[in-house]
Every structure is written in C-alpha cells, then in structure tokens.
Amino acid sequence: MLLTSVEAFAREYGYSDAHLHYVDFFQESAGMPKLLKAMADNRIDHVMISGIPVAKKWHEDEPKRPRYYAGDDADAYWYSATDTIVAAAVNKLTPEQRQHFHPFLSGFNPNDKNSAAHIQRVLDLNPGLWQGIGEVFTRHDDLTALTSGDTPRANNEAMTRIYHLAAENDLPVMLHSNITSKREKNPLYLAEIEEPLRNHPHTRFLWAHAGTSAEIHRHQTQLDFLLPTLTRMLEAYPNLYIDLSWSLLTPYLLDEQGKPREAWLKLVERFPERFMIGSDVVGRFNKLGQEIHGFDPLLDALPEEIARKVARDNFLSILPHAVR
C-alpha cells in the first residue's frame, strides 16, 4: 500500500489547459511571452486559448476604473474584436509554438441569429486557425444581468444555428451555462443546456465548470443535485464533456482537507474520456501553474492511465479531426 502511494506522488504529468482566456474583461493581456513561460515552467503542453466575448464598460459616472466585471454597476457589451486579438497573438508564434495552441472563437452575440454567419466569415478569413467555439457566455451569474441586451440562453434559436455550424465545421463548443441561480436549490436552468445536447448529437459540447460557479457557491456551498444530474447526463449524452475548472475543485472534487471525494473519483473513472481540466485564467498567467497543479491530488488518486487522459489527452480528443 505504501508503494502505491509513493508511486502516485512520484507521477509527473503533461497537461492540457482546456480553459484559458488570453485577455481579461478589458481585453488586455499580460502577453504571449509570459504565457509561454508559464506553460514551460509547469509542463503545460497544450492550451485552449480564447478571448472574452464581452468588454466591461468604464462608465462616465464611475471615478475609478473597475478591475473586474463585478467591480461596479456599469454594463458589459458583446465585443467581437476579442477574436482579432487572439488571432494576432497566435499568428505571431513560430510554427513549432503554434502547435501547442488551440484557438476557440468567442466574439459574437449569442442572442443574434446573424452570429452563425459572422462565425463562418471569421472561419473563412483565417482558414485552419480556429479549432473550437467558446467560451460562450449564456447564464453567467451577475454578468448575465450586467450584459447589455436580452438574457442569453444556450437553447435559443441563435445558438441552434451555431450548433449546426459547429457540427458542419467539426468544431467543439464550450458553453458557460449555469445549472441554477444563486438562490434556487434546484436545477433551474438545466433544460437550457440539456435541450441542445439532445437535439444536436453530432456537436461536441464542453460544459464549463459543469454548470457551477464561484458566485453560486458563495450562496450555496454545494449543490446536492449536481453529482446525480451529471451522472445521468453523461449516461444519456455521449456528446457531453466536462470542464473541471477551478470552481469545481472545491467544494466538489476535494474535501476540506484537500483529499479527493470518493464519489467524484468514481464518476471520473466511470467516464474516463469525458473530463478535462482548465485554469480559467483571464489575461494574467502568473497563477496558471497553481491553478493547473491544484488538480494533482485528484489526478494522483485516479488510475494512472485515466489520470493522464484527464490531465492532457481528453482535451486533445475533442478537437477537430484535422488537428488531432
């Protein structure tokens, strides 16, 4: 038994970061050199790199520039130039460096039925660059209320057109779609993601944080229905993949002592190809390694073959066939 423990803690992983934003909510970034260094320092071989689909306004009435979208009551607005920033950063890389980056296109309004045509134009402008769509912001805590326009839903007609386009172009879709609100102790918004999963079996869906968020956890420490709901959905929808970003790490994957929870280990072992890890950093990369290595206790508790899939390979498996 001691040998098994020593072997587990002796493991070194290569990682894929399945959820990284190159810019923040002001469309600013620490830059590619710092990102490359953070990747090299922490054995991160591959990165899903995306922009942020909204920009936070510095309102005329606010004397101090906010530091985050929740910093004041000013709204946010859909910002398509975020993809231009990401494309420019990736296109400046050497061919060897570029192999480690997997750009996802996010700069569109998910309420606009014109968005599918916009996405196709962006794909055509830079053939072969974009390898996925997202992170698409639909239900997203207070950001939903702060964003100008109608409430975005993962099951609206505009997004339906995008799912068809994604399947036609062999692109996975990363969705941020909260499973509930801050106060409701039931899966209030579950139908908004379950309907697309059912109606678009040929589209690969990556569910950001499995529908959770830090803001939900501030009001509800744990969602008792999350584990059974995820179990049922993974059984029912082979096109569903789970992004285990930081807001799932605690209180779900690890307990108060930082030890993996047995029920979650069993779920990952039952669906070993459907989970992946992400940092969800936004424009700053000094904590990239800390966020990724935070999953090591979970990985070390899994059988090694499954751990390596979760750490690195599962993300690569959902990318377009042309780049796998």
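Predicted model: local features only at pLDDT ≥ 70, side-chain atom pairs only at ≥ 80, totals over all residues.
Residues are numbered from 1 along each chain as its sequence is written, and side-chain values use heavy atoms, with hydrogens and water left out.

**Figure 1. The open sheet of eight strands.** The strand order is β1-β2-β5-β6-β7-β8-β9-β10, with parallel pairing. At the edges stand β1 and β10 (275-277), each with a single partner strand, so one side of each has no neighbour in the sheet. On average, neighbouring strands of this sheet are turned by 25° against each other, direction ignored; axes are lines fitted to C-alpha atoms, for helices over the stretch in contact, and angles run from 0 to 180 degrees between N-to-C directions. Strands (E, at least two residues) and helices (H or I, at least four) are DSSP runs, numbered from the N terminus. Two strands pair if DSSP finds at least two bridges between them.

Figure 2. β1 and β2 run parallel and are joined by five bridges. H21 has S50 as its bridge partner in β2. Between β1 and β2 the chain passes through helix α2 (residues 32-41), in a right-handed β-α-β crossover. A crossover is right-handed if, with the strands pointing away from the viewer, the path from the first strand over the helix to the second runs clockwise. On the β5 side, four bridges join β2 to β5, again in parallel, and V47 stands opposite F101 in β5. Six of the seven residues of β2 (residues 44-50) are buried, where buried means under 20% relative accessible area, exposed over 50% and partly exposed in between (1.4 Å probe, protein chains only).

**Figure 3. Strand β6 and its two partners.** All six of the six residues of β6 (residues 132-137) are buried, so this strand is largely enclosed by the rest of the structure. β6 pairs with β5 (residues 101-105) in the parallel sense over two bridges, and F104 stands opposite G132 in β6. Together with helix α5 (residues 115-125), β5 and β6 make a right-handed β-α-β unit. β6 also pairs with β7 (residues 173-176), in the parallel sense over three bridges; here V136 stands opposite L175 in β7.

Figure 4. Five of the five residues of β9 are buried. In a regular strand the side chains alternate between the two faces of the sheet. From β9, L240, I242 and L244 point one way, while Y241 and D243 point the other way. Four bridges join β9 (residues 240-244) to β8 (residues 205-208), and the two run parallel. F205 has L240 as its bridge partner, and A208 has D243. D243 also has a bridge partner in β10, M276; β9 and β10 run parallel and are joined by three bridges.

**Figure 5. S247 in helix α11.** S247 lies in α11 and counts as buried, at 2% relative accessibility. S247 and E215 are 32 residues apart along the chain, and their C-alpha atoms are separated by 9.2 Å.

**Figure 6. The largest pocket.** The volume of the largest pocket is about 980 Å³. Its lining has 39 residues, of which F25, Y68, Y69, W246 and V282 are the closest to its centre. At least two lining residues each come from β1 (15-21), β6, α6 (141-146), α9 (214-219), α11 (246-253) and α13 (288-293); α9 gives the most, with three. By class, the lining has twelve nonpolar, eleven polar and 16 charged residues. Ala, Val, Leu, Ile, Met, Phe, Trp, Tyr, Cys and Pro count as nonpolar, Asp, Glu, Lys and Arg as charged, and the others, Gly among them, as polar.

**Figure 7. The largest cavity.** One cavity of 30 Å³ or more is found in a search of the whole structure. The largest cavity is lined by V54, W78, F137, T138, L143, T144, T147 and P152. Five of the lining residues are nonpolar, three are polar and none is charged. On a 1 Å grid over the protein atoms alone, a cavity is a set of points where a 1.4 Å probe fits but cannot get out, and a pocket is an open set with protein on both sides within 12 Å along at least five of seven lines; lining residues have an atom within 4 Å of a point. Grid points are joined across faces, edges and corners, and a volume is the space filled by probe spheres set on the points.
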